[in-house]
Amino acid sequence: MDATTLRRTQAPLKQRYRDDPGSALVTLHADGELDGSGVACRVRTATTLAEAGLHPATGGDGTQLCSGDMLLEALVACAGVTLRAVATSLGIEATGTVHAEGDLDFRGTLGVDKEAPVGFRDVRLRFELVTDADAEKVATLVTLTERYCVVLQTLRSSPTTAVEVTTEGASR
């Protein structure tokens, strides 16, 4: 996709969102199926059924996806798509790779140390770009990618999150 095609594709969406800001609010969904035979959760993606389980550091055997890895993979995917869209929009040729890594202290997850945090302490995102763009254009590319990457901004802003439970067949 070139810059003209991207602009032509996005222009009516941008105009609709300007005219009707409420139409820009979209609720995304993810659904999982709890596995009755093991410690796992099946998540339907757009193209396949993914099965998440315990990370080897918590007793898993490594044959199932780790949700922590999936979070980093979502960051890489979003940052990569965002960078390519911004590069296309700016007319910058840029290829390469995107890497994310995060540090976890599994003592928190396993309840070994109540003072140890549960979740990532630090997350690092790195782009290794192949481009003829000068340093100023690359800096603009990265700044705009950071600004518009949904997953990165979500991790940085920590949105309000609610948990709800319903039960069937529970004894009273």
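A residue is called partly exposed when its relative accessible area falls between the buried limit, under 20%, and the exposed limit, over 50%. Keep that in mind for the views below, which all come from a predicted model.

**View 1. E128 and R126 pair up in a salt bridge.** The closest N and O atoms of E128 and R126 sit 3.1 Å apart. How accessible is E128? Its relative accessibility is 38%, so E128 counts as partly exposed. R126 gets the label partly exposed too, because its value is 40%.

**View 2. R124 reaches E101 across distant parts of the chain.** Here the side chains of R124 and E101 meet in a salt bridge, with 2.9 Å from N to O. R124 belongs to strand β5 (residues 120-131) and E101 to strand β4 (residues 94-104), so this pair links distant parts of the chain, 23 residues apart. As for the surface, R124 comes out as partly exposed at 33% relative accessibility. E101 is partly exposed as well, at 40%.

View 3. Zoom in on D113 and R107 and you'll find their side chains joined by a salt bridge, 3.1 Å from N to O. D113 has a relative accessible area of 23%, which makes it partly exposed. R107 is partly exposed too, with 40% relative accessibility. Which residues make up the network around this pair? D105, R107, D113 and R121 are the ones linked by salt bridges. If you want the tally for the model, there are nine salt bridges.

**View 4. The largest pocket holds about 1,200 Å³ of space.** That is the volume to picture as you look into the largest pocket. Around it sit 31 lining residues, and those nearest the pocket's centre are L28, A74, C78, V150 and V151. Several elements give two or more residues to this lining: strands β2 (40-44) and β3 (49-53), along with helices α2 (67-90), α4 (135-148) and α5 (150-157).

View 5. What kinds of residue line the largest pocket? By class, 23 are nonpolar, seven are polar and one is charged.

Definitions and conventions. Residues numbered from 1 in each chain as written. Predicted model: local features only at pLDDT ≥ 70, side-chain atom pairs only at ≥ 80, totals over all residues. Heavy atoms only, no water. Salt bridge = Lys/Arg side-chain N within 4 Å of Asp/Glu carboxyl O. Helix = DSSP H or I, 4+ residues; strand = E, 2+ residues; numbered from the N terminus. Buried < 20%, exposed > 50% of the residue type's maximum accessible area, 1.4 Å probe, protein only. 1 Å grid on protein atoms, 1.4 Å probe; cavity = no way out; pocket = protein on both sides within 12 Å on 5 of 7 lines; lining within 4 Å. Points joined across faces, edges and corners; volume = space filled by probe spheres on them. Nonpolar A, V, L, I, M, F, W, Y, C, P; charged D, E, K, R; others polar.
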